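Subject: Structure handover

Dear colleague,

I am passing on the structure below, together with some notes on what was found in it. Please read the notes with the coordinates open beside them.

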Amino acid sequence: MEARRIAERVSLLGAVDWDRRLFDALIPLPDGTSYNAYLVEGSQATALLDTVDPTMTPVLLRQLERVPKLDYVIAHHAEQDHSGSIPAVLAKYPDAKVVCSQKCKGMLGDLLRVPAERILAVEDGQALSLGDKTLQFVYTPWVHWPETMSTYLVEDKVLFSCDFFGSHLATSDLYADEGRVYMPAKRYYAEIMMPFRNIIQRNLEKLKGYEIGVIAPSHGPVYRRPAFIIDAYRDWVADEPKNLALVAYVSMHDSTRLMAEHLVSALVARGVTTEQVNLVNLDAGKLAMALVDAATIVIASPTVLTGLHPAAAYAAFLANALRPRAKHAAYVGSYGWGGKPAEQLASLLPLLKLEMLPPVICRGLPAEADYAALDSLAEAIASRHQGLVAAGVA
Ligand code: FEO
């Protein structure tokens, strides 16, 4: 795609990756993604803000053919989907300097062997004049690596936020269609930002000091109504979860499925919004999105070799790593001859401050008493959700 203007002498470069389906050998990309780079041409100097994934280097170099001189490459973040083409850009422009945070300098050396003498490390709040345009650097750590910073273009009120506020969404739209981008942005938050919820709260507070007219992230479309994505983030990082129970289940011979489905029905009957996720062929992003809002996590799994089914153990491992704001958890499942899956589930969630509710465990097919126990569990969950606001589950 050709460069597209977002302000006077400020344009979006980069590549739309329509076909990519997996990131970090982990994260599903049902909607593809984009790697956004931006060109800011001041009266005295020109800066490229971020580059693109190394697979797309030729696309960026083609876009730069019309740029005879480049003074700076701003590296907001050392991860290769944005920094990976820096060596090629530096080779094309032998006088250009990379500008990044202090922490990022070392990481660019480690990850890409960028020579230290080509890097200018800047402090939080430092400004760089391009003549009639001024770049002000704003440290925004842990969105989602420790070195990450954003750039505020003072004269045009554009915030270049890198991964912060981004979305894995391949689209030809320059500006966000808010109805379309909401779920990809939430998925993106859930997958990589959620573990740093508390620090993101502080970053959002910090951004209140800037008059932002446009947010230009490095994945997905540009936001010309910043309040849309800022408010969404405020909602996702708030301390209180929503009135949502996640029931993540796997079943081998249907006994556990019957338990999970009964529990879901009992929860809904008690006014608890419930998301039922089958852990077989799991879309980890879908699980992560449910974890953003859930006040209660229920893992339903049969006993396999005395413990959880591996698919359930993986879900618990992910939940622990993503550190959602859930407050309660429970184990539900069927067994054949014995084991300790409930204890194993608790041991897999050490980073979460969870109240473990009494498990519901049954031998073989659930019987009347087991369904009654599931009703009691639903009652216990519903009573704990009193006062929580409704979940906006799509
Ligand atoms: Fe889009 Fe953390 O890189």
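Strand β7 (residues 72-74) and strand β8 (residues 97-101) run parallel and are joined by 3 bridges, and in this pairing valine 73 stands opposite valine 98 of β8. Please keep in mind throughout that this is a predicted model.

Both strands belong to an open sheet of 7 strands, whose order is β1-β2-β5-β6-β7-β8-β9 and whose pairing is mixed. The edges are formed by β1 (4-7) and β9 (119-122), each of which pairs on one side only, and neighbouring strands of the sheet are turned against each other by 25° on average, with direction ignored. Across β8 and β9 lies helix α4 (residues 102-112), which runs at about 125° to β8.

Is threonine 46 buried or exposed? Its relative accessible area is 12%, and because values under 20% count as buried, threonine 46 is classed as buried. Apart from its neighbours within four places in sequence, threonine 46 is in contact with Leu39, Val40, Glu41, Val67, Lys69, Leu70, Asp71 and Tyr72. By contrast, methionine 193, which is 147 residues away from threonine 46 in sequence, is 31 Å away in space, taken from C-alpha to C-alpha.

Two helix pairs were also examined. Helix α8 (residues 255-269) packs with helix α12 (residues 368-384) at an angle of about 45°, the axes being 9 Å apart, and the two helices are therefore oblique to each other; their crossing is right-handed. On the α8 side the contact is made by Leu258, Met259, His262, Leu263, Ala266 and Leu267, and on the α12 side by Tyr371, Leu374, Asp375, Leu377, Ala378 and Ile381. By class, the residues of this contact divide into 10 nonpolar, 1 polar and 1 charged.

The second pair consists of helix α9 (residues 284-293) and helix α10 (residues 310-322), whose axes come within 11 Å and cross at roughly 50°, which makes α9 oblique to α10. The crossing of α9 and α10 is right-handed. Here Ala284, Leu287, Ala288 and Leu291 of α9 meet Ala315, Leu318, Ala319 and Leu322 of α10, and this contact has 8 nonpolar residues, with no polar and no charged ones.

Conventions
Residues numbered from 1 in each chain as written. Predicted model: local features only at pLDDT ≥ 70, side-chain atom pairs only at ≥ 80, totals over all residues. Heavy atoms only, no water. Axes fitted to C-alpha atoms, helices over the stretch in contact; angles between N-to-C directions. Helix = DSSP H or I, 4+ residues; strand = E, 2+ residues; numbered from the N terminus. Parallel < 35°, antiparallel > 145°, perpendicular 65-115°, else oblique. Left-handed = near helix turned anticlockwise from the far one by under 90°. Contact = heavy atoms within 4.5 Å. Nonpolar A, V, L, I, M, F, W, Y, C, P; charged D, E, K, R; others polar. Pairing = 2+ DSSP bridges. Buried < 20%, exposed > 50% of the residue type's maximum accessible area, 1.4 Å probe, protein only.
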